[in-house]
Amino acid sequence: IFSSSFRFFALTSEMSDELDPSVVGTLAHWDGIYENELRNFSDSGDCGEVWFGESVMRTVVKLIKGLSGVTANSSILDLGTGNGAFLFEMARQGFRSLCGLDYSEPSVTLCQQILANTIDKQLHSCFEFALCDILSGLPPRKFDVIHDKGTFDAISLAEDAPSKKAAYRASIISSLRLAASGASLDSHGPYFVLTSCNWTDVELLGFFCPALRHIYTHPWPVVRFGGHEGSKVTTVIFSTPVASSE
């Protein structure tokens, strides 16, 4: 999807350097993307592109549905919700507490218009779409599942990416700790489900652990090219953070 930054995931344990900054890491880029999708939706009812494709989205939704303790009433937070495609699919799968955040105002407007014009009115109360800079913190309420499909990738392509990635990680940790507060030791979740086209599972674990607890890496199909093999995306699921980690 991010053609300017896509990396073929060789199966290696080596950590990679930071990525070169790209327009994909700027607010202006995403405002332009969703302003265009708003026009397309107004003209033709086209809801826009599903980042990483519908097959990846459906697989991730299935993974979330299978997480221990997750039910139709679990609270789901989508970071960088874009056109809301992931949350609308979650609703089709029976989930009823869905929140999407994005720092692009046209994105939020698009989600609200798609909701108003294509989703059963009886389900409107299940959705919340809001403008939010997630690097400054997440809403102060408990979410059972935090989902990201491509947003961490975009942040990784911003100017001053190391500090922005650290702020992103801090926001995730803080929100998971809030959700886990008061829970019994044998309770399940909260969960952080991250899908990336720019980072391998080893790189993601190196960045988020031990602050977060790794519970699952999805085995996407292996692709062979030019004498190398790897996958086009990686999906890693984390759970409650270790209490002593920052």
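Buried means under 20% relative accessible area, exposed over 50%, and partly exposed in between, with a 1.4 Å probe and protein chains only. This is a predicted model: local features need pLDDT of at least 70, side-chain atom pairs count only at pLDDT 80 or more, and totals for chains, interfaces and linings use all residues. Residues are numbered from 1 along each chain as its sequence is written, and side-chain values use heavy atoms, without hydrogens and water.

**Exercise 1.** Determine which residues cover each face of strand 10.

Solution. Strands are DSSP runs of E, at least two residues, numbered from the N terminus. Strand 10 spans residues 234-239. On one side sit Thr234, Val236 and Phe238, all buried. On the other sit Thr235, Ile237 and Ser239, also buried. That is 6 of the 6 residues, so strand 10 is largely enclosed by the rest of the structure.

**Exercise 2.** Find the strands that pair with strand 10.

Solution. Two strands pair if DSSP finds at least two bridges between them. Strand 6 pairs with strand 10 in the antiparallel sense, over 5 bridges. Strand 7 (residues 213-218) is also antiparallel to strand 10, over 5 bridges. Now place two partners. Thr234 bridges to Ser196. Ser239 bridges to Arg213.

**Exercise 3.** Describe the surroundings of Ser196.

Solution. Start with location: Ser196 belongs to strand 6 (residues 191-196).

**Exercise 4.** State how much of the chain is buried.

Solution. Of 246 residues, 49% count as buried.

Terms used: Helix = DSSP H or I, 4+ residues; strand = E, 2+ residues; numbered from the N terminus. Polar contact = N/O pair within 3.5 Å; in protein donor to acceptor, adjacent residues only side chain to side chain.
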